Amino acid sequence: MITPRPDSRQQAPLWQHALREAFTRPADLLDYLQIDPALPALDLERLRDFPLRVPRGFAARMRPGDPADPLFLQVWPRPAEGLVVPGFALDAVGDLNKARDGGVIHKYRGRALLIATGACAVNCRYCFRRHFPYSEQLAAREQWRGALETLAGDPSIEEVILSGGDPLSLSDDKLAALAQSLEDIPHLRRLRIHTRQPIVLPERVDERLLQWLGRGRLQKVMVLHVNHPQELDASVERALQPLRALQIPLLNQSVLLRGINDSAETLRNLSEKLFACGILPYYLHVVDRVHGAAHFEVDVEAARRLASELVALVPGYLMPRLAREDAGAASKTWIAW
Ligand SMILES: *Cc1c(COP(=O)(O)O)cnc(C)c1O
Ligand code: SF4
C-alpha cells in the first residue's frame with residue numbers, strides 16, 4: 001500500500017488560512033470588539049448582495065467598544081446603504097461600457113486594467129465592486145487567453161494594471177503564470193498591482209509572492225489602499241519591508257469618506273504615516289457615486305476645503321491628488337482647490 005507522504009504535498013500558504021479565519025458574521029465581529037449589539041445600527045438585508053468580510057488582523061486595529069471607530073465604519077453595513085439617492089447608480093464610472101474581451105478595461109492611453117478576480121480579503125462598504133457583474137467579466141477564464149490576446153493586439157498599451165476585486169486574492173501560482181505571459185508581450189513595460197491585501201492581510205506578503213514579484217523584465221509598481229492612519233501598524237510596516245527591498249515603488253490611494261477621514265488633521269497623519277512606511281500618497285478619491293455609498297460622500301466643496309487645508313500642512317510630496325472618476329474622460333479628473 002502506498003501512503004501519501006504529507007511533506008510531499010504543497011502546504012496551503014498561511015495567508016489563505018488567515019483569509020478563511022476572517023470575520024463574516026456580524027455578531028462575531030461585535031463580540032470580538034466588545035461592542036454592544038444594541039449600538040451600531042445593522043442592516044442584515046445589505047449583507048445579502050455584499051457580505052461582511054473582515055480579516056482578524058484588520059479587526060485587531062479597531063478600537064474595542066467603539067462603534068464610531070474609523071476602521072469599523074468602513075466595513076459595517078449600515079441601514080443607509082439601502083437608501084435610493086438620486087445620482088448614485090449601479091455603474092457609476094461607466095466601466096461596463098468599456099470592458100473589452102477577457103476582462104480588460106482600457107479607458108486611458110497607455111495603460112489597461114485587467115479585472116483579475118472579483119474576490120477581496122475585506123469588503124469595504126463604499127466600494128463600487130459590490131455591483132460589478134464579475135461573473136461576466138472574469139479574465140481568469142481559459143488561463144487569461146482573451147485578456148492576453150487583447151493586450152498583445154494593442155501596441156499602445158505599455159502598462160497592465162492588475163485590479164479586481166483584489167488581484168492578490170489569486171494564488172501565487174496563477175499570478176506568476178500570468179506575469180510570465182505578460183513578460184512575453186514585447187510592448188509592455190510595466191506591471192502595476194492595485195491591492196489592499198498587504199494592508200488588511202499582511203500575511204499575504206510571503207516568500208512565494210516575493211519570488212514572482214522580484215522576477216522578470218517588467219517594472220513593478222504597487223498601489224495600496226489605506227484610508228486612515230490607524231490602518232497602518234507594525235504588522236503592515238513589516239509586510240511592506242521586503243517589497244521596498246525589491247525596489248517596488250509603493251503608492252497609496254485613499255477614498256475621502258465622511259466621518260472616517262474627512263479632517264485635515266487625519267489626512268495629515270495619514271500622509272505622514274504612509275511615508276514612514278515607505279509609501280507615497282497618490283490619489284485621494286472622492287467616493288464613486290454608486291448605489292449604497294451616498295452616506296460616505298463628502299461634497300466637492302468640502303473636499304476642496306480639506307485639500308486646501310491639507311496642502312498647507314504637508315510637504316508637497318505628501319500631498320495626494322484630489323481626484324474623481326468621470327465616465328468617458330481621458331484620465332481621472334484632478335479636482336483643483
Ligand atoms: C484608474 C484607472 C486607471 C489608472 O489611472 P492612473 O491615473 O494611471 O492611476 C487605469 N485604467 C482604468 C480603467 C482606471 O479606472
Ligand atoms: S476592491 Fe478594494 S475597496 Fe473594494 S472591497 Fe475590495 S479591497 Fe475594498
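This is a predicted model: local features need pLDDT of at least 70, side-chain atom pairs count only at pLDDT 80 or more; totals for chains, interfaces and linings use all residues.

Biologist: Fine. Which residues surround ligand 1?

Modeller: Ile105, Lys107, Tyr108, Arg111, Leu113, Ile161, Arg192, Tyr282, Tyr283, Glu325 and Lys332. A residue is near a molecule if one of its heavy atoms lies within 4 Å of it.

Biologist: How does that shell divide by class?

Modeller: Into 6 nonpolar, no polar and 5 charged residues. Ala, Val, Leu, Ile, Met, Phe, Trp, Tyr, Cys and Pro count as nonpolar, Asp, Glu, Lys and Arg as charged, and the others, Gly among them, as polar.

Biologist: Which side chains have polar atoms by an oxygen of ligand 1?

Modeller: In arginine 111, a side-chain N or O atom is 2.6 Å from a ligand 1 oxygen. Tyrosine 283 also has a polar side-chain atom 2.6 Å from an oxygen of ligand 1. For glutamate 325 the distance from a side-chain N or O atom to a ligand 1 oxygen is 3.4 Å. The cut-off for a polar contact is a pair of N or O atoms within 3.5 Å; within protein, one must be able to donate a hydrogen and the other to accept it, and residues adjacent in sequence count only if both atoms are side-chain atoms.

Biologist: And how much of ligand 1 does the protein cover?

Modeller: The protein covers 92% of the 390 Å² of accessible area that ligand 1 has on its own. Accessible areas come from the Shrake-Rupley method with a 1.4 Å probe, and for residues only the protein chains shown count as cover.

Biologist: Where does ligand 1 sit?

Modeller: In the largest pocket. On a 1 Å grid over the protein atoms alone, a pocket is an open set of points with protein on both sides within 12 Å along at least five of seven lines. A molecule sits in one if more than half of its atoms lie within 2 Å of its grid points.

Biologist: Which elements give two or more residues to the shell around ligand 1?

Modeller: Strand S2 (104–108), strand S3 (111–115) and strand S8 (280–286). S2 gives the largest share, 3 residues. Helices (H or I, at least four residues) and strands (E, at least two) are DSSP runs, numbered from the N terminus.

Biologist: On to ligand 2. What is around it?

Modeller: Cys120, Val122, Cys124, Cys127, Arg129, Gly165, Arg196 and His225. By class that shell has 4 nonpolar, 2 polar and 2 charged residues. Ligand 2 takes up space in the largest pocket.

Biologist: What about proline 167, buried or exposed?

Modeller: Proline 167 counts as buried because its relative accessibility is 0%; buried means under 20%, exposed over 50%, and partly exposed in between. Proline 167 is in that loop, between strand S4 (159–163) and helix H8 (172–183).

Biologist: And serine 169?

Modeller: Serine 169 is found in the loop between S4 and H8. At 17% relative accessible area, serine 169 is buried. Its side chain reaches the backbone oxygen of alanine 119 at 2.9 Å, and a 3.1 Å polar contact joins the side chains of serine 169 and glutamine 197.

Biologist: Now the phi values. What is going on at glutamine 34?

Modeller: Glutamine 34 is not a glycine, yet its phi is positive, about 50°. Glutamine 34 lies in the loop between helix H2 (26–33) and helix H3 (56–59) and is exposed, at 63% relative accessible area.

Biologist: And glutamine 247?

Modeller: Glutamine 247 has a positive phi of about 60°, again without being a glycine. Glutamine 247 sits in the loop between helix H11 (234–245) and strand S7 (250–256), and with a relative accessible area of 69% this residue is exposed.

Methods
Residues are numbered from 1 along each chain as its sequence is written. Chains are lettered from A and ligands numbered from 1 in the order in which they are written. Side-chain values use heavy atoms; hydrogens and water are left out. On a 1 Å grid over the protein atoms alone, a cavity is a set of points where a 1.4 Å probe fits but cannot get out, and a pocket is an open set with protein on both sides within 12 Å along at least five of seven lines; lining residues have an atom within 4 Å of a point. Buried means under 20% relative accessible area, exposed over 50%, partly exposed in between (1.4 Å probe, protein chains only).
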